[in-house]
Amino acid sequence: MFDYLIVGAGFAGSVIAERLATVSGKSVLLVDRRSHIGGNAFDHYNEHGILVHRYGPHIFHTNSREVFEYLSQFTEWRQYEHHVLASVDGQLLPMPINLDTLNRLYGLNMNSFEAANFLASLAEKTIQVKTSEDVVVSKIGRELYEKFFRNYTRKQWDMDPSELDAAVTARVPVRTNRDNRYFTDTYQAMPLHGYTRMFENMLDHPKIKILLNADYREVQHEIPHRNLIYTGPVDEFFDYRYGKLPYRSLHFKHETVNRPVFQPEAVVNYPNEHLYTRITEFKYLTGQEHAKTSIVYEYPQSEGDPYYPIPRPENDVLYKKYKALAEETPAVHFVGRLATYKYYNMDQVTGQALALFKKLRADIDTDSRKKSAFLQVAVTPAALASVVDAPADGAGTQHDAAEAEAA
């Protein structure tokens with residue numbers, strides 16, 4: 001009998017498993033249909049000995065000290081600040097757009113103040129910002145929107161930005177200084193020995209058992225457990241009762257190149273006619289030294305593993321139906337990207353998992369106090385003496401006394 005069956009060995013499932021085992025002493029069975037732990041953050045050494053991310057680049061960054069310190073228990077860190085270039089008009093230009101992007105693209109020599117005025121002159125007034133197109137055009141105008149955003153977004157989502165929620169492009173800043181970091185979070189680093197090693201350390205506990213290459217539906221009735229935590233697709237859990245929640249997926253084409261460096265930065269975006277959206281070179285992320293280098297091309301597609309919930313109003317309405325079902329299923333806790341149909345960064349998923357554990361721990365502690373209070377009232381010294389001293393005239397009396405002593 002396991003205390004918890006947890007579905008999914010990515011960030012959400014693994015963090016909760018570790019906390020339940022380490023802090024609350026609970027026994028956990030962690031089940032995943034893939035052949036490895038770590039979810040989409042899984043990394044491994046390829047046939048050439050180069051550390052690669054199987055499911056595309058995963059860059060850790062957070063403003064949460066709690067999350068960073070929690071994960072630091074399981075890994076040392078390599079300091080790393082992420083940089084991205086965009087292939088535009090035959091040039092590789094800093095992305096997000098900054099002062100250097102504008103000066104190089106237009107052959108100018110502006111300072112920050114002039115760049116701010118320049119962008120203001122390009123911006124189009126928008127009465128109400130509703131879509132991803134509105135967000136960008138209202139900030140930087142239509143020309144830069146067409147060059148840097150429109151085609152990339154259309155490839156990524158198979159929709160025009162005018163059809164997508166404003167949140168899609170609102171994530172990407174525009175700067176008038178020369179800061180070329182992709183993220184500006186307080187904590188930016190990569191696990192020194194990779195994500196998989198971090199997950200191995202996290203799950204290395206005698207109270208945690210791991211079952212891979214298994215669908216939880218095949219084992220949930222065979223393996224006794226008291227509680228269920230689910231991190232998979234919420235629509236799948238309810239057998240697609242209201243239909244499938246739409247996702248975008250990705251196809252990854254990995255290559256190893258027989259030279260030390262392939263491109264000038266870790267990631268190059270292609271907001272143009274290429275079928276792929278970006279190329280990542282992993283040695284920038286890992287710091288590994290090797291005579292060869294490994295890259296991955298990303299091709300967005302409609303079918304495959306679910307990666308990105310599609311932010312459309314009708315999809316939000318559909319999710320809310322599943323959310324209502326989840327709230328009516330108190331015996332199951334839903335956590336993580338797929339279970340809540342929301343795009344979370346790794347630190348956000350970790351934070352969500354830690355928050356759920358705090359709730360579970362409060363319930364565990366409350367139950368423990370109730371049980372302790374019951375035993376103190378029910379098994380008084382007088383009651384125990386009466387059981388032990390009772391005449392042994394019936395079968396099982398000595399067994400009952402022994403049980404009382406154990407209690």
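D160 is buried, at 10% relative accessibility (buried is under 20% relative accessible area, exposed over 50%, partly exposed in between; 1.4 Å probe, protein chains only). The model is predicted: local features need pLDDT of at least 70, side-chain atom pairs count only at pLDDT 80 or more, and totals for chains, interfaces and linings use all residues. Residues are numbered from 1 along each chain as its sequence is written, and side-chain values use heavy atoms, without hydrogens and water.

D160 forms a salt bridge with R154 (3.9 Å, N to O). A salt bridge here is a side-chain nitrogen of Lys or Arg within 4 Å of a carboxyl oxygen of Asp or Glu. R154 is partly exposed, at 39% relative accessible area.

The count of salt bridges is 22. One of them joins K358 to E66 at 2.9 Å, N to O. This pair links distant parts of the chain, 292 residues apart: K358 is in helix 13 (residues 346-378) and E66 in helix 2 (residues 65-71). Helices (H or I, at least four residues) and strands (E, at least two) are DSSP runs, numbered from the N terminus. E66 is partly exposed, at 42% relative accessibility.

A further salt bridge pairs D316 with K320 (3.4 Å, N to O). Both residues lie in helix 11 (residues 313-327), four residues apart, about one turn of the helix. D316 is partly exposed, at 37% relative accessibility. Elsewhere, salt bridges that share partners join E146, R150, R154 and D160 into one network.

D43 lies in strand 3 (residues 43-45). A polar atom of the D43 side chain is 2.7 Å from the backbone nitrogen of Y195.

Terms used. Polar contact = N/O pair within 3.5 Å; in protein donor to acceptor, adjacent residues only side chain to side chain.
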